[in-house]
Amino acid sequence: MTDKNRMRDDTNELNVLKGYLKDADMEALVLEQSKTFELPTLVQPLPNDSKDRARVFTMNFVPLEKEDVEYTRFLQIHCELPFTMADGREIETLRILNMVNQVMAVGSFTLQGDKLSYRYVFGSPIDAVLDEGVFMETMFMMAFMLDLAQDPIESVAAGEATAADAFVAVSPDED
């Protein structure tokens, strides 16, 4: 399959996923491949966070050669968190990310430089469109996990709390 055909297929499937989101009364927009976007990208605005900051999920298919993967397509879902890490907070921020990632049902939080993000890669059969129910449950679960963990992560990244103290808000009850 040529790169142009793969991009067309990716755009078509992203439009199907956009339809799933629209059916659930959620906004979504597919951005075609361009100079600005290397890959066709589905953008889903999320509700503002607890500090009224905008957030979005961006989704695109990981471009892999057919020789590398014969049966699976990988949809990357990504959200850059609306804050950065304060100077000198790297070790403690990495500590809270590690603790949080151990209890996340879906996705993981990452740190690159001073930017934090939430990411999940969804594997699906190469010859089938993602199932609507599975896709929507995953999106709802990702939004829930993001809301659950974002404020505790930010408090550590800002230097307002230790990882151990902040983790209490995320960790499952042991009772």
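Modeller: Buried means under 20% relative accessible area, exposed over 50%, and partly exposed in between (1.4 Å probe, protein chains only). Lys18 counts as partly exposed because its relative accessibility is 23%. This is a predicted model, in which local features need pLDDT of at least 70 and side-chain atom pairs count only at pLDDT 80 or more, while totals for chains, interfaces and linings use all residues. Residues are numbered from 1 along each chain as its sequence is written, and side-chain values use heavy atoms, with hydrogens and water left out.

Lys18 belongs to helix H1 (residues 3-23); helices (H or I, at least four residues) and strands (E, at least two) are DSSP runs, numbered from the N terminus. Not counting residues up to four places away in sequence, Lys18 touches Ala28, Val30 and Leu42, where contact means heavy atoms within 4.5 Å.

A salt bridge is a side-chain nitrogen of Lys or Arg within 4 Å of a carboxyl oxygen of Asp or Glu, and by this rule there are seven. One of them joins Asp10 and Arg73 at 2.2 Å, N to O. This pair links distant parts of the chain, with Asp10 in helix H1 and Arg73 in strand S4 (residues 72-84), 63 residues apart. Arg73 also forms a salt bridge with Glu13, whose closest N and O atoms are 2.3 Å apart. Glu13 is buried because its relative accessible area is 5%, and Arg73 is buried at 13%.

Elsewhere, Asp49, Lys51, Arg53 and Glu154 are linked in a network of salt bridges, in which Asp49 and Arg53 pair at 2.8 Å between closest N and O atoms.
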